[in-house]
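Subject: Structure handover

Hello,

The structure is below, and my notes follow it. Please read them with the coordinates open.

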2 protein chains.
Amino acid sequence: MSEVTRSVTELINEFAKMPGVGKKSAERLAYYVLRLNRTEALVLADAIRNVKENVRYCRNCYNLAEQEECEICRDPNRNREVICVVEQPRDLMALEQAGTYHGLYHVLLGRIAPLEGMGPEQLTIDTLVNRVRSGTVREIVMATNPTVEGDGTSLYISNVLSDCAVRVTRLARGITTGSMLEFANKEVLADALSGRQAF
Amino acid sequence: MSEVTRSVTELINEFAKMPGVGKKSAERLAYYVLRLNRTEALVLADAIRNVKENVRYCRNCYNLAEQEECEICRDPNRNREVICVVEQPRDLMALEQAGTYHGLYHVLLGRIAPLEGMGPEQLTIDTLVNRVRSGTVREIVMATNPTVEGDGTSLYISNVLSDCAVRVTRLARGITTGSMLEFANKEVLADALSGRQAF
């Protein structure tokens, strides 16, 4: 890197901080930017700037939003009786892409992970409880990640909500469509067996 | 993607244009930017902007530069009797990392590739010939990529220089034919530099 210009070195270093981008990839990305014309490069730079300036959390559900409320909370066609609880906005996006859920969401902005210093008070659980207490909600679908921390977070929240008149469910566990039974691990198969469904 | 905010969608689209970055990676990079604090994000945006505003080609050798001449051309410790000819600045960087070459460079900014409409007149060959004719140069080390086009470009240039009082060599075939120079490791490049052979 010794003889490349300072601006290029800085850009490579910034790219190399991004997740999944190593030194060689960062160099390739920097050369991509160098080959862009001026307008194209400014579009990229402004896209980064705009995200920081325009995007905030929805005041209801902590999804990403450009106004006080996110698009889902503002959508009059959404079923306001169901709230799906996820860890991060990207989990919400993945569920939206599946296209079969039409209720609201609640983004926790993390999961309970004591070893990383993340306790329940750092999540948006208080707001979730207030939303449930305020009335219309009849079902909470826990959709945290199927990990030790995700499961623990769901269990904690279901306990917190146990005195509310609300049904708490969680995503089905089982074998994944398109996978091979012989390669599924025993935990997956145990989930699939215990959760077996009638045809 | 339907329910993510417009700014985030734009950023994902911009990232997805980058080489080796697919839709999922672009989403991950956008979430990385969202998690950055404001200052860190602006550093990234400004790094992109600065590269476009500050970086130009060296007037001698077409390496990347932030002044009229690149750092290598300005370095008084460089051997001005040898010029190493490469296709792109990233090839120059790879050779510099090997750390065994102390002469000057000449960046062609491409290679002769008739099928892509790249002829010798679109490269910086004229400037190279002028540098050779102007005096002090005694050796030209051809370090184009070991591909059909790269070899052809080197052969073309060695013919153009045949009436100049200059020795034309090329990198030893320590580098493997069909691979790309920018991905070669520095040991291989060091071998190739020390074993360079007369045309």
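Helices (H or I, at least four residues) and strands (E, at least two) are DSSP runs, numbered from the N terminus.

Some conventions: this is a predicted model, where local features need pLDDT of at least 70 and side-chain atom pairs count only at pLDDT 80 or more, while totals for chains, interfaces and linings use all residues. Residues are numbered from 1 along each chain as its sequence is written, chains are lettered from A and ligands numbered from 1 in the order in which they are written, and side-chain values use heavy atoms, with hydrogens and water left out.

Helix H7(A)
Gly150(A), Thr153(A), Ser154(A) and Ile157(A) are the buried residues of H7(A). Seen down the helix axis they fall within an arc of 100°, so they line one face of H7(A). The arc is taken over the directions from the helix axis to the C-beta atoms. Buried means under 20% relative accessible area, exposed over 50%, and partly exposed in between (1.4 Å probe, protein chains only). On the face turned away from the buried side are the exposed residues Val148(A), Leu155(A) and Asn159(A). The buried residues pack against strand E3 (79-86), helix H6 (125-133) and strand E5 (139-142) of chain A, with contact meaning heavy atoms within 4.5 Å.

Helix H1(B)
In helix H1 (residues 6-16) of chain B, the buried residues are Ser7(B), Val8(B), Leu11(B), Ile12(B), Glu14(B) and Phe15(B). Their arc, seen down the axis of H1(B), is within 160°, so they too line one face of the helix. Their cover includes helix H3 (38-54), strand E2 (64-65) and helix H5 (89-98) of chain A, together with helix H2 (23-35) of chain B.

Leu92(B)
Leu92(B) lies in helix H5 (residues 89-98) of chain B and counts as buried at 1% relative accessibility. Leaving out residues up to four places away in sequence, Leu92(B) touches Asn63(B), Ile72(B), Val86(B), Tyr105(B) and Val107(B).

Cysteines
With a disulfide taken as a pair of cysteine sulfur atoms within 2.5 Å, the count over all chains is zero. Cys61(B) is in no disulfide, and the nearest cysteine sulfur, that of Cys70(B), is 3.7 Å away. Cys61(B) is buried, with a relative accessible area of 2%.

Regards
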